[in-house]
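The stops below go from the whole chain to single residues.

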Amino acid sequence: MNDTKRGKFIVFEGLDGSGKTTQMKLLAKFLESKGEPCYTTHEPTDSPFGALLKSCLTGRVDADERAIAALFASDRLDHILNGVNGIKKKLEEGVNVFCDRYYFSSFAYNGEFVPFEWVVELNRPAREILRPDLTVFIDLPSDESMKRVSRRGETERYETAEKQAKIRERFYSAFKRFPDEKVAIVTSEEDKKMTQAKIREEILPLFGL
């Protein structure tokens, strides 16, 4: 009998430039120092689905928003169910999985440009198969989001101040639409350590720390 304790599944969401990738990695490193096995991943993934999506997002491939929404949903299902390094497999092996973006990103980004309920239906299989133990939304104003993004150089499909403002509203609408989801909202600070401290307050109790 497999008595391996199931890992925790934590998702990090936020506008572009919110620092979620950095914060996720800082948390994973801290928990590993406490003896917790951790695996960090992201969406779009590095799979063929994800590679095509990245080409669409950067404008190298022109695609309709409906096709992009469907690609995100397909990439997500493969991310969950992939037999080599899928999220579900990792969790069953007792590894804690930290994911940079998940279905709330689809609700917020795709749901702004195609019918919201259609995006919900596209992502119904993912929600039925695997919901996060906690989704951490790192919040910041859209103008600050674009200020941080502009430092990176290349911008992507959704990276304008107007779009980011609408996406932020859509995140909050999605959280209200799914009150059964466990969501922690944390304000992004310029000081990364301050943001990390807030995140740990929300997450460490899940690990008994």
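What percentage of the contacts in the protein chain with a separation of 6 or more is accounted for by residues 24 or more positions apart? They account for 77%, where contact means heavy atoms within 4.5 Å.

This is a predicted model, in which local features need pLDDT of at least 70 and side-chain atom pairs count only at pLDDT 80 or more, while totals for chains, interfaces and linings use all residues. Residues are numbered from 1 along each chain as its sequence is written, and side-chain values use heavy atoms, with hydrogens and water left out.

**Whole chain**

Colour by secondary structure: the protein chain has 10 helices and five strands. These are DSSP runs numbered from the N terminus, with helices being H or I of at least four residues and strands E of at least two. Of the 209 residues, 49% are buried; buried means under 20% relative accessible area, exposed over 50%, and partly exposed in between, with a 1.4 Å probe and protein chains only.

**The largest nonpolar core**

Select Phe9, Tyr102, Phe104, Phe107, Leu130 and Phe171, which touch the most other members of the 28-residue largest nonpolar core. A nonpolar core is a set of buried Ala, Val, Leu, Ile, Met, Phe, Trp, Tyr and Cys residues joined through side-chain atoms within 4.5 Å. Elements giving two or more residues to this core include β1 (9–14), α3 (65–81), β3 (96–100) and α9 (161–177). Helix α5 contributes the most, with five residues.

Now centre on Tyr102. Not counting residues up to four places away in sequence, Tyr102 touches Phe9, Val11, Glu13, Glu43, Arg76, Ile80, Ala126, Leu130 and Pro132. Another core, of 18 residues, lies apart from the largest one, and Met24, Phe30, Val136 and Leu204 are among its members.

Step to Arg101, in the loop between β3 and α5. Its phi is near 80 degrees, a positive value in a residue other than glycine. Most residues other than glycine have a negative phi, and most peptide bonds are trans. Arg101 counts as buried because its relative accessibility is 10%.

**The second largest pocket**

Select Tyr39, Thr40, Thr41, His42, Thr45, Asp46, Ser47, Asp78, His79, Asn82 and Asn85, the lining of the second largest pocket. On a 1 Å grid over the protein atoms alone, a pocket is an open set of points where a 1.4 Å probe fits, with protein on both sides within 12 Å along at least five of seven lines; lining residues have an atom within 4 Å of a point. About 190 Å³ of space lies in this pocket. Strand β2 gives the most to the lining, with four residues.

Between β2 and α2, find Pro44 in the loop. The peptide bond from Glu43 to Pro44 is cis, with omega near -5 degrees.

Asp78 is found in helix α3 and counts as partly exposed because its relative accessibility is 24%. Leaving aside neighbours within four places in sequence, Asp78 is in contact with Ser47 and Phe49.

Which residues of helix α2 (residues 48–57) are buried? They are Gly50, Leu53, Ser55, Cys56 and Leu57, and their cover includes α3.

Note on methods
Points joined across faces, edges and corners; volume = space filled by probe spheres on them.
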